[in-house]
Amino acid sequence: MGKEAAGRFLFCFLAVSYFLAMLLSGGADRFLSGQYTITAILRIGVPDDEGTGIAGKVAELRPVREARYRTPEDAWKEFLEAYPGLESLRGARKNPLPGYVEIRLRPERMSEEGIADVRSALEPVSQVEKILSGGDVMPSLLRMKRWANALLWSGFALVCAVFLVILAMQEKTRAARLVPDVSFLVDRGVPGDRIAARRTAGAFVAGGIVALVATLVSCAALFLVSGFFHFVRAVVGPAQDLLDARHLLPVCLFLLFATIFQGLASLAGWRAAFPGEK
Amino acid sequence: MIEAFRVGAVSRGETLWEGLDLAAGDGEMWIVTGPPSCGKTLLLHILRGERRPDSGDVHVAGESLYRGSPEHNRRFRASSGVVPESLPAGQGRAVVDLFRLSAFAAGGVSTEEIKGRISELLPLVGLSGAEDVEVSSLSVSERARIALVVELFRSPRYLFLDRLLENAGKEWADRLGGLLRALAREDRTILMMERQLPDIWQAAKVPSPLSSGPFFLYRLGSPGPERKSEAEGPPLPAGPLSETTGGVE
């Protein structure tokens, strides 16, 4: 019984951890959005306050997570870091590079539509000279991202399916072990449906507790791990995001479904062990 | 009242018996004896409403157990207790777990009440303080006696006992007889199936169609005013437990 409960908790923990990681990261979305930037190159001579203003406006766009204005001086420093020894290009103290706005998208908006939204907002701006957004490579990159996400969600579905199969097997074994007790009760006039209903109600409560504890432990582990490892923050995302309302609802739904499935598994196990019991 | 009318049973294509009649009223105690494999347990199942007879019918309180409503059958089973012939070893189970199961069947019994009633019932069968003992470690006799008090926990109106005396052992025939007779005095109907009547029990063989089959039918105790005088008479030895059954209720 203890081993069964521990096994159930472990599987629940695994499933909920997978789910939380997928929820935060959106699969490959967060990693890709961390690597990908849209660059809006401004015309030479655009004042810094105008560049900062454009970056502020861009940051308000829905798909945008972050928009930072880089002055021509910042651009020159970055250039020299990348290509040292080319200081001579700056003749008569005049900076040949323009300022630019570096734009990062939200992980969930990492799509053709998101990129198009940003481009269409920047194109009419007269101070913008050029928009660099990946060009022809992007559609195939985004297609690969969708495939990667589908694969990752399939993995989650597989974990859930294995969890359900194990649950059903556990419940069938449990119900079979109860045959003498159930016969005792049925022989004494207790309706089989009443016993099944009581077991199912018990399984709902126990399943809910297991799912809740597994979720809390998983959240705590995610907070801990993402606090220690930058890699986890970059790929999965900051655990604090779980407190957002948009993440709380799916987590609650997951808890509800995990509870319902455990209750239903109990009922299915009962029906398998006592097919004719009413 | 349990009434069997012209009951017959077929097993493995052979007629075991047919045309059996029996009427067991409130407060009556009946013993059916017969050789091994003659169908005593089958008869008990039929009288309990668990197995439809191949012919005839069984009525309780005027309604058929098999042709009446399923709810009537269920109510009858809820109001009856049964000690089976073979008692499961109950691996990993303590005696108290059996009482808890019985409490679940009874419904609405508090934990305190369970404890209280266990402490009243176990001494009746000489097993005081055995509530935490594992069932698998008990002897056949102890398990039979435990099975009896687990049934008495629910205060059933009808008691069906399959080879209880044989399982409990000769040394317990006297005490159990006193206990059962006291229960019969409290208007419970008791039906026992045994291979033979214990030597120390004296009972009149009742001429009945049942006795014309493989069985012999004995009646111990009778309802109404005569019951008391019979109880004080010779058929059953006055058991030391007959006074203690107040705790059973």
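A residue counts as exposed when its relative accessible area is over 50%. The legends below describe close-up views of a predicted model.

**Figure 1. R12(B), an exposed loop residue of chain B with positive phi.** With a relative accessibility of 83%, R12(B) counts as exposed. R12(B) belongs to the loop that runs between β1 (2-11) and β2 (14-24) of chain B. Its phi is near 50 degrees, a positive value in a residue other than glycine. Most residues other than glycine have a negative phi.

**Figure 2. A61(B), in the loop between β4 and β5 of chain B.** The strands on either side of this loop are β4 (55-60) and β5 (63-64). A61(B) has a relative accessible area of 63% and is therefore exposed. The phi of A61(B) is near 50 degrees, again a positive value in a residue other than glycine. For the setting of this view, chain B contains eight helices and ten strands. Of the 249 residues in chain B, 51% are buried. Where contacts in chain B join residues at least 6 apart in sequence, 72% of them link residues at least 24 apart.

**Figure 3. The contact between chain A and chain B.** Twelve residues of chain A and 16 residues of chain B take part in the contact. The area buried between the two chains is about 1,200 Å², and carbon and sulfur atoms give 58% of that area. On the side of chain A, the residues that lose the most area to chain B are F184(A), D187(A) and R188(A), which together account for 44% of what that side buries.

**Figure 4. Salt bridges and polar contacts between chain A and chain B.** Two salt bridges are counted between the chains. One of them joins D181(A) to R93(B), with the closest N and O atoms 2.1 Å apart. Helices α7 (179-187) and α8 (192-228) of chain A each supply at least two residues of the side that touches chain B. The largest share of that side, five residues, comes from α7(A). By residue class, the side of chain A that touches chain B comprises six nonpolar, one polar and five charged residues.

**Figure 5. The stacked ring pair F19(A) and F254(A).** Over all chains, a search of the whole structure finds 15 aromatic pairs. In the pair shown, the ring centres of F19(A) and F254(A) are 4.8 Å apart and the planes meet at 15 degrees, so the pair is stacked. F19(A) lies in helix α1 (residues 2-25) and F254(A) in helix α10 (residues 245-273) of chain A, so the pair ties together parts that are 235 residues apart in sequence. F19(A) and F254(A) are both buried. Ring pairs also link these two residues with Y18(A), W153(A) and F156(A) into a cluster.

**Figure 6. H247(A), a buried residue of helix α10 in chain A.** H247(A) counts as buried because its relative accessibility is 4%. Beyond residues up to four places away in sequence, H247(A) touches L23(A), L24(A), D241(A) and L242(A). The helix that holds H247(A), α10 of chain A, is also the helix in which F254(A) lies.

**Figure 7. P238(A), in the loop between α9 and α10 of chain A.** P238(A) is partly exposed, with a relative accessible area of 25%. When neighbours within four places in sequence are left aside, P238(A) is in contact with L24(A), R30(A) and R233(A). L24(A) is also among the residues touched by H247(A). From C-alpha to C-alpha, P238(A) and F163(A) are 27 Å apart in space, and 75 residues separate them in sequence.

**Figure 8. E102(A), a buried charged residue of strand β3.** Strand β3 of chain A spans residues 100-105 and includes E102(A). E102(A) has 16% relative accessibility and so counts as buried. Apart from neighbours within four places in sequence, the contacts of E102(A) are T37(A), I38(A), E66(A), A67(A), R68(A) and R70(A). The C-alpha atoms of E102(A) and V162(A) are separated by 44 Å, the two residues being 60 residues apart along the chain.

Conventions:
Residues numbered from 1 in each chain as written. Chains lettered and ligands numbered in written order. Predicted model: local features only at pLDDT ≥ 70, side-chain atom pairs only at ≥ 80, totals over all residues. Heavy atoms only, no water. Contact = heavy atoms within 4.5 Å. Buried area = accessible area lost by both parts, 1.4 Å probe. Salt bridge = Lys/Arg side-chain N within 4 Å of Asp/Glu carboxyl O. Polar contact = N/O pair within 3.5 Å; in protein donor to acceptor, adjacent residues only side chain to side chain. Helix = DSSP H or I, 4+ residues; strand = E, 2+ residues; numbered from the N terminus. Phe/Tyr/Trp six-rings, centres within 6.5 Å; stacked < 30°, edge-to-face > 60°. Buried < 20%, exposed > 50% of the residue type's maximum accessible area, 1.4 Å probe, protein only.
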